[in-house]
Amino acid sequence: MENIDIFILTSIVATLFAVFIIAMWRELNAISKRPPDYSAESGPRADMIKFVGSIFDDKNIPKKEKKLIVKAMNRTISDMESDGIYFPTEVKEELERQRDELNCEYSGLPSVKSYDISLSSTNKTLITK
């Protein structure tokens, strides 16, 4: 009777494992019955990539304008300031804070906060200032 706690724990874990196996089997059967969805990607990043691709596919746009568009897309705040467009320090601090929040400090990939809708409202207030 000393090992009753081990028996109880083992029975609970075995039951949960059986439930997991049954749920996985049902889900795999459901997936195999419906066809895969090969829809195009959507979202702001995908739309921007499609836009840039359409610019370079268009033969009517001269190469000089294409280079100008790429330069405008790759502009940073320091580039803008060297061209005579200056930003207040509070705007720079807010952008720095948002950049730190939107990227994971370990991997550099977008963090969960980058997908939060409430950040878009702070961006709107930042733009209107």
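1. Of the 129 residues in the chain, 7% count as buried, where buried means under 20% relative accessible area, exposed means over 50%, and partly exposed lies in between, with a 1.4 Å probe and protein chains only. Please keep in mind that this is a predicted model, in which local features need pLDDT of at least 70 and side-chain atom pairs count only at pLDDT 80 or more, while totals for chains, interfaces and linings use all residues. Residues are numbered from 1 along each chain as its sequence is written, and side-chain values use heavy atoms, with hydrogens and water left out.

2. The chain holds 6 helices and 0 strands, these being DSSP runs numbered from the N terminus (helices are H or I with at least four residues, strands E with at least two).

3. The average pLDDT of the chain is 78, and 85% of the residues score at least 70; pLDDT is the predictor's confidence in each residue, from 0 to 100. Confidence is highest in α1, at 93, and lowest in helix α6 (residues 118–128), at a mean of 49. Where pLDDT is low, the predicted coordinates should not be read in detail.

4. Among contacts between residues at least 6 apart in sequence, 22% join residues at least 24 apart, a contact meaning heavy atoms within 4.5 Å.

5. Ile-21 lies in helix α1 (residues 4–33), and this residue counts as partly exposed because its relative accessibility is 42%.

6. The accessible surface of the chain comes to about 11,700 Å², and 64% of that surface belongs to carbon and sulfur atoms; such areas come from the Shrake-Rupley method with a 1.4 Å probe, and for residues only the protein chains shown count as cover.
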